[in-house]
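Hello,

Here is the structure I promised to pass on to you. Please have a look at it first, and then read my notes below.

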Amino acid sequence: MEEELGQIKVTVIRGNRLVIRDFKTSDPYVILKLGNQTAKTKVINSCLNPTWNEEFSFSLSEPVGVLKLEVFDKDRFKADDKMGHAHINLQPLAAAARLRDILSVATNGTTLRKVIPESDNCLAADSSINWENGEVVQNVWLRLCDVESGEIELKIKLIKLPSVSPSK
């Protein structure tokens, strides 16, 4: 049985050095997937360094899954072109939130955990999981796979659901 941990809010901030899929540029958008939940950003026309700043919410439950993203170039008259994909394991974020609950850390800006690039993520650089304004937050740059270049910046927040006491 799945245990609900809370919600994650994923902000797709921006892309950097995305690949060209049209004549001189691309019209990128991002599809995010967590389990059977899916979200899609708006299309940014003619841009290889797009800024989205779009936030999406997903419910998070045990076992903690992997957040996957795919970047596409929107085409009008044919199938959209792939511009790469990436993934990040959300287990370190959930583990940091549990640690925070156990230790009752309350100081704003406390680093709960550092995550390094490994085979179970597509991190472009080390990423810290911090306690910010009452939330567990991870800022990441994900390197896109199976393409010549491209990175996507995300901000991931774990929002705990309030505990429900059993009714009498």
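**What I found**

Glu54 is found in strand 4, which covers residues 51–62. Helices and strands here are DSSP runs, numbered from the N terminus, with at least four residues of H or I for a helix and at least two of E for a strand. Glu54 is buried, at a relative accessible area of 18%. For that word and its relatives, buried means under 20% relative accessible area, exposed means over 50%, and partly exposed is in between, using a 1.4 Å probe and protein chains only. Leaving aside residues up to four places away in sequence, Glu54 touches Val10, Thr11, Val12, Lys40, Thr41 and Lys42; a contact means heavy atoms within 4.5 Å.

Before going further, a word on the model. It is a predicted model, in which local features need pLDDT of at least 70 and side-chain atom pairs count only at pLDDT 80 or more, while totals for chains, interfaces and linings use all residues. Residues are numbered from 1 along each chain as its sequence is written, and side-chain values use heavy atoms, with hydrogens and water left out. The chain has a mean pLDDT of 89, and 93% of its residues reach 70 or more. Over residues 164–168, though, the pLDDT is below 50, and this stretch has zero contacts in the model beyond near neighbours in sequence. pLDDT is the predictor's confidence in each residue, from 0 to 100.

**Helix 1**

Helix 1 runs over residues 91–103, which makes 13 residues. From its first C-alpha to its last it reaches 18 Å, close to the 18 Å expected at 1.5 Å a residue; the expected span is 1.5 Å times one less than the number of residues. Which residues of helix 1 are buried? They are Pro92, Leu93, Ala94, Ala96, Ala97 and Arg100. Their cover includes strand 1 (3–16), strand 6 (81–89), strand 7 (110–115), strand 8 (127–132), strand 9 (135–143) and strand 10 (151–160).

Leu99 is also in helix 1, but Leu99 is partly exposed, with a relative accessible area of 35%. Together with Ile102 and Leu103, Leu99 makes a nonpolar surface patch of about 320 Å². Such patches are made of residues with over 30% relative accessible area and no salt bridge, with nonpolar side chains (Val, Leu, Ile, Met, Phe, Trp, Tyr) joined within 5 Å and like charges within 9 Å. The areas come from the Shrake-Rupley method with a 1.4 Å probe, and for residues only the protein chains shown count as cover. Just after helix 1, Ser104 takes a positive phi of about 55 degrees.

**Salt bridges**

How many salt bridges does a search of the whole structure find? It finds nine, where a salt bridge is a side-chain nitrogen of Lys or Arg within 4 Å of a carboxyl oxygen of Asp or Glu.

Arg14 pairs with Glu153, their closest N and O atoms being 2.6 Å apart. This pair links distant parts of the chain, with Arg14 in strand 1 and Glu153 in strand 10, 139 residues apart. Arg14 is partly exposed at 37% relative accessible area, whereas Glu153 is buried at 14%.

Glu135 forms a salt bridge with Lys157, with 3.6 Å between the closest N and O atoms. Here Glu135 in strand 9 is joined to Lys157 in strand 10, 22 residues apart. Glu135 is partly exposed at 23% relative accessibility, and Lys157 is buried at 19%.

**Backbone details**

The peptide bond from Glu62 to Pro63 is cis, with omega near -5 degrees. Pro63 is in the loop between strand 4 and strand 5 (66–73). Asn133, in the loop between strand 8 and strand 9, has a positive phi of about 50 degrees although it is not a glycine. Asp146, in the loop between strand 9 and strand 10, has a positive phi of about 65 degrees and is not a glycine either. Asn133 is exposed at 68% relative accessibility, and Asp146 is exposed at 69%. As background, most residues other than glycine have a negative phi, and most peptide bonds are trans.

Best wishes
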